[in-house]
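Here is a short report on a two-chain model. Look at the sequence and structure first, then read on.

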Amino acid sequence: MSEAHSAPKLNDIQQQALKCAIQSGLPVDSRPYLTLANIIGGSEQQVITCIEEWINNGLIKRFGLVVKHHKLGYNANAMVVWNIPSHLVDEIGERIKQSGLVTLCYRRPRRLPDWNYNLFCMIHGKDRGQVLQQLNQLIKTCQLTEIEHDILFSYKQFKQCGGRFHRQHHTAPSAHCVPERKAINHG
Amino acid sequence: MDEIDRSIINQLQRGFPICERPYEQAAKALSITEAELINRIASLLEEKILTRFGPMYQIEKAGGAFTLAAMSIPEDEFDKVADQVNQFPEIAHNYERAHKLNMWFVLGTENPSEIASTIKRIEKETGYKVFNMPKLEEFYVGLYFPV
């Protein structure tokens, strides 16, 4: 470990190249960080230290497998939106977080008069029945009976390529996503 | 997909070791060999059960930006407009949903100023208004799908 701390950090260009290289996926071989080090021109230990640092400072919020949830039988997803008095949003958002019944929960702006909901949750389930059951439980657990809400089930997913955003980089493989033209029916 | 694949998916969605031999370390916890874990992850990727294997960035910290946006598209125009919208490389995913606002997509750009300009280009290209609904506060992100 002493080597880890004495080795200089990757420079900006190497870090940028590393960000790009790993966003398309970790190499699937026994020394993935060494493979990455060879791509970006650094050492294995520098790559390890750098990724650890990104996890610690929150640049990487999760590091691991990202699944295609439809393929795992999560065929229904609903965006559940709530019209919550502004002064209660924080309290209710916290309750929903604690419930463990949603996969995402964000506050977003209203767009009056077309859209009057300000809290957005995603509920994923095997089918619509399960999603609705989970929603009922959420309403009960978080005492949301009085709150106006709407459920937006999805019909079709047209495109999913995850949160990739780095453009092609001259020292790293392209991670730019290719649009999937074909719609996938799942609902 | 068998029991071992399932435990790989359940365990490694939560995190992956960062050390010289990460597959070996993860394999130990799963009571399989390093080679088997590598082969199984490769197959899960090939079968497209996994979209990715690696980091999920906090995009704002990386200098980029994300937003959720919606449009209200007449049914007979929907497929045409969906095609137009999906042409934009900034679109991360796009769903048809049951509401007057029936098209919902996530935009990701390399810097925050590109969100507004991309929305303008989408409006110009399609002729329909885009409702931008950026995240104001994050209460919970727990995209974990046990199998």
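## An exposed glycine in chain A

A residue counts as exposed when its relative accessible area is over 50%, and as buried when that value is under 20%. The model discussed here is predicted. Is Gly41(A) buried or exposed? Its relative accessibility is 53%, so Gly41(A) counts as exposed.

Gly41(A) sits in a loop of chain A. That loop runs between α3 (32-40) and α4 (44-56). Ala17(A) lies 24 residues away from Gly41(A) along the chain. The C-alpha atoms of the two residues are separated by 9.5 Å.

## The two chains in outline

Chain A has 187 residues, and 51% of them count as buried. Its secondary structure consists of six helices and six strands. Read from the N terminus, the order is α-α-α-α-β-β-α-β-β-α-β-β. Consider the contacts in chain A with a separation of 6 or more: residues 24 or more positions apart account for 66% of them.

Chain B has 147 residues, with 52% buried. Five helices and six strands make up its secondary structure. Along the sequence, the pattern is α-α-α-β-β-α-β-β-α-β-β. Among its contacts between residues at least 6 apart in sequence, 61% join residues at least 24 apart.

## Helices α1 and α3 of chain B

Two packed helices are described by the angle between their axes and the distance between the axes. In chain B, α1 covers residues 3-12 and α3 covers residues 34-46. Their axes come within 11 Å. The crossing angle is roughly 85 degrees. Angles of 65 to 115 degrees count as roughly perpendicular, so α1(B) and α3(B) are roughly perpendicular to each other.

Which residues meet here? From α1(B) come Ile4(B), Asp5(B), Ile8(B), Ile9(B) and Leu12(B). From α3(B) come Glu36(B), Leu37(B), Arg40(B), Ile41(B) and Leu44(B). Seven residues of this contact are nonpolar and three are charged; none is polar.

## Helices α4 and α5 of chain B

Helix α4 of chain B spans residues 78-86, and helix α5 spans residues 113-126. They pack at an angle of about 145 degrees. Their axes are 10 Å apart. The crossing of α4(B) past α5(B) is right-handed.

On the α4(B) side, the contact uses Val81(B), Gln84(B) and Val85(B). On the α5(B) side, it uses Ile122(B), Glu125(B) and Thr126(B). Three of the contact residues are nonpolar, two are polar and one is charged.

## Buried side chains in chain B

Asn94(B) belongs to strand β3 (residues 91-97) of chain B. Its relative accessible area is 0%, so Asn94(B) is buried. What joins the side chains of Asn94(B) and Asn86(B)? A polar contact of 2.8 Å does.

Glu34(B) is located in helix α3 of chain B. With 16% relative accessibility, Glu34(B) counts as buried because the limit is under 20%. Set aside neighbours within four places in sequence. Glu34(B) is then in contact with Arg21(B), Tyr23(B), Glu24(B) and Ala27(B), as well as Ser30(A).

## Backbone exceptions

Most residues other than glycine have a negative phi, and most peptide bonds are trans. Some sites in this model depart from that.

Ser31(B) is not a glycine, yet its phi is positive, at about 55 degrees. Ser31(B) lies in the loop between α2 (22-29) and α3 of chain B. Its relative accessible area is 67%, so Ser31(B) is exposed. Lys48(B) also has a positive phi, near 60 degrees. Lys48(B) is in the loop between α3 and β1 (50-57) of chain B. At a relative accessible area of 53%, Lys48(B) is exposed.

In chain A, the peptide bond from Leu112(A) to Pro113(A) is cis. Omega there is near 5 degrees. Pro113(A) falls in the loop between β3 (104-107) and β4 (119-125) of chain A.

How values were computed:
Residues are numbered from 1 along each chain as its sequence is written. Chains are lettered from A and ligands numbered from 1 in the order in which they are written. This is a predicted model: local features need pLDDT of at least 70, side-chain atom pairs count only at pLDDT 80 or more; totals for chains, interfaces and linings use all residues. Side-chain values use heavy atoms; hydrogens and water are left out. Axes are lines fitted to C-alpha atoms, for helices over the stretch in contact, and angles run from 0 to 180 degrees between N-to-C directions. Helices (H or I, at least four residues) and strands (E, at least two) are DSSP runs, numbered from the N terminus. Angles under 35 degrees count as roughly parallel, over 145 as roughly antiparallel, 65 to 115 as roughly perpendicular and the rest as oblique. Contact means heavy atoms within 4.5 Å. Ala, Val, Leu, Ile, Met, Phe, Trp, Tyr, Cys and Pro count as nonpolar, Asp, Glu, Lys and Arg as charged, and the others, Gly among them, as polar. Buried means under 20% relative accessible area, exposed over 50%, partly exposed in between (1.4 Å probe, protein chains only). A polar contact is a pair of N or O atoms within 3.5 Å; within protein, one must be able to donate a hydrogen and the other to accept it, and residues adjacent in sequence count only if both atoms are side-chain atoms. A crossing is left-handed if the near helix is turned anticlockwise from the far one by less than a right angle, and right-handed if clockwise.
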